[in-house]
Amino acid sequence: MDTSPLSPEEPTTLMPLESCGLEAEREPVGAFLTVLQGSDRGRTFRLGETVVVGRSPQADVQLSDYTISRQHCQLGKEGESYLLTDLGSLNGTYVNGERVTCRVLADRDRIQVGNSLLQFAYYDRLEEAFFSQMAAAALYDPLTSLHNRRFFLEHLEREIPFALRHRLPLHLLYLDLDNFKLINDRWGHLAGDQALIQVAQQLQAQVRREDLLARLGGDEFALLVRGIPDSQILQLARRLQQAIESLPLQGGIHLTCSIGVASLLRLPAETSAPSFLEAADQALYQAKTQGGNREVLL
């Protein structure tokens, strides 16, 4: 075999990046924070001029981590750089393992806030697309765009100790669509998928930003609700049932759903995420055996 190098005149199969349109794709398009470790692992946030990181719903980058402050730190653009400033947080802000109050960030610096590890970086379009796809695969159900079962259970593991420690109401609603199989049997799986998408959108419209809605699989959904007392949680369950029943579906079909509700403060102190979910599942089973289209609170 001839292994001599090609002369400048000889053709090759290598193409310059600009001819593929990739050169422009590789130019940095902005600064980003990517969560490498913590309850929001995989999420990527594009940074604006000034960004506040914290667990408050008003934070620009809201993290589901109760070990960080409501407004923990701030990233502000100064010229071509970003300045990280701690906002008097309880547990401090660390850059590459060093506690800081104010620091100009360099590309690929790692920021520790509570139990969450973030990476600051300048991404090009290809990197931005890659990290967005990775986050979607790790966090979201591909059909409904709700959070997936894995994310829900991991989040539940962190919510339980906080709620028990502060004696805060925490409810888990387990939803199952009644006779959903009839849609697949009569109209096909594409119609069934479209119905699930509509159900997810209808449920999402009924819940607060701070609540966590997920698709557990098939026609089963779960909702984690914080801070609402037992006396009001069944009202929410009925509102979700009414929202689903009002959906206009193919062939004039009207869906209904059964909902099992578990209250954390009614359960043993050693309750884990699986046992909390099991309690809601038992309540759902009771709702189903009583004829469906109803809610049961344990």
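Guide: Two strands count as paired if DSSP finds at least two bridges between them, and the strands themselves are DSSP runs (E, at least two residues), numbered from the N terminus like the helices (H or I, at least four). This is a predicted model, where local features need pLDDT of at least 70 and side-chain atom pairs count only at pLDDT 80 or more, while totals for chains, interfaces and linings use all residues. Residues are numbered from 1 along each chain as its sequence is written, and side-chain values use heavy atoms, with hydrogens and water left out.

Visitor: Thanks! Which strands make up the open sheet, and in what order?

Guide: Five strands form the open sheet, in the order 4-3-5-6-9, and their pairing is mixed.

Visitor: And which ones stand at the edges?

Guide: Those are strand 4 and strand 9 (102-104). Each has a single partner strand, so one side of each is left without a neighbour in the sheet.

Visitor: In what sense do strand 3 and strand 4 pair?

Guide: Strand 3 (residues 50-54) runs parallel to strand 4, and the two pair over two bridges. To see it in the model, look for glycine 54, which stands opposite glutamine 62 in strand 4.

Visitor: What holds paired strands together in general?

Guide: Strands of a sheet pair through backbone hydrogen bonds, in a parallel or antiparallel way.

Visitor: New topic: how many salt bridges are there?

Guide: The count is 14, taking a salt bridge as a side-chain nitrogen of Lys or Arg within 4 Å of a carboxyl oxygen of Asp or Glu. One of them joins aspartate 40 to arginine 43, with the closest N and O atoms 3.1 Å apart.

Visitor: Is aspartate 40 buried or exposed?

Guide: Aspartate 40 is buried, because its relative accessibility is 1% (buried means under 20% relative accessible area, exposed over 50%, partly exposed in between, with a 1.4 Å probe and protein chains only).

Visitor: What does glutamate 98 pair up with in a salt bridge?

Guide: Glutamate 98 meets arginine 103, at 3.0 Å from N to O. Glutamate 98 has a relative accessible area of 45%, so it is partly exposed, and arginine 103, at 23%, is partly exposed as well.

Visitor: On to the rings: how many aromatic pairs does the structure hold?

Guide: It holds four. Rings of Phe, Tyr and Trp (its six-membered ring) pair if their centres lie within 6.5 Å; planes under 30 degrees apart are stacked, over 60 edge-to-face, and the rest tilted. Tyrosine 66 and phenylalanine 162 are a stacked pair, 3.8 Å centre to centre with 10° between the planes.

Visitor: Where in the chain are those two?

Guide: Tyrosine 66 sits in the loop between strand 4 (61-62) and strand 5 (73-78), and phenylalanine 162 in helix 4 (residues 149-166), so to speak 96 residues apart. Tyrosine 66 is partly exposed at 30%, whereas phenylalanine 162 is buried at 14%.

Visitor: How are phenylalanine 120 and tyrosine 122 arranged?

Guide: Their ring centres are 5.2 Å apart and their planes stand at 80°, so this pair is edge-to-face. Phenylalanine 120 is buried at 0%, and tyrosine 122 is partly exposed at 26%. Ring pairs also bring Tyr82 into a cluster with Phe120 and Tyr122.

Visitor: Last topic, pockets: what volume does the largest pocket have?

Guide: About 730 Å³. A pocket here is an open set of points on a 1 Å grid over the protein atoms alone, where a 1.4 Å probe fits, with protein on both sides within 12 Å along at least five of seven lines; lining residues have an atom within 4 Å of a point. The volume is the space filled by probe spheres set on the points, which are joined across faces, edges and corners.

Visitor: Which residues lie nearest the centre of the largest pocket?

Guide: Of the 34 lining residues, Gln62, Ser64, Arg209, Glu210 and Arg226 lie nearest its centre. Helix 4 gives the most to this lining, with five residues.

Visitor: And what lines the second largest pocket?

Guide: Its lining includes Tyr66 and Phe162, along with Asp65, Arg158 and Arg165. Helix 4 supplies the largest share here, four residues, and the volume of this second largest pocket is about 150 Å³.
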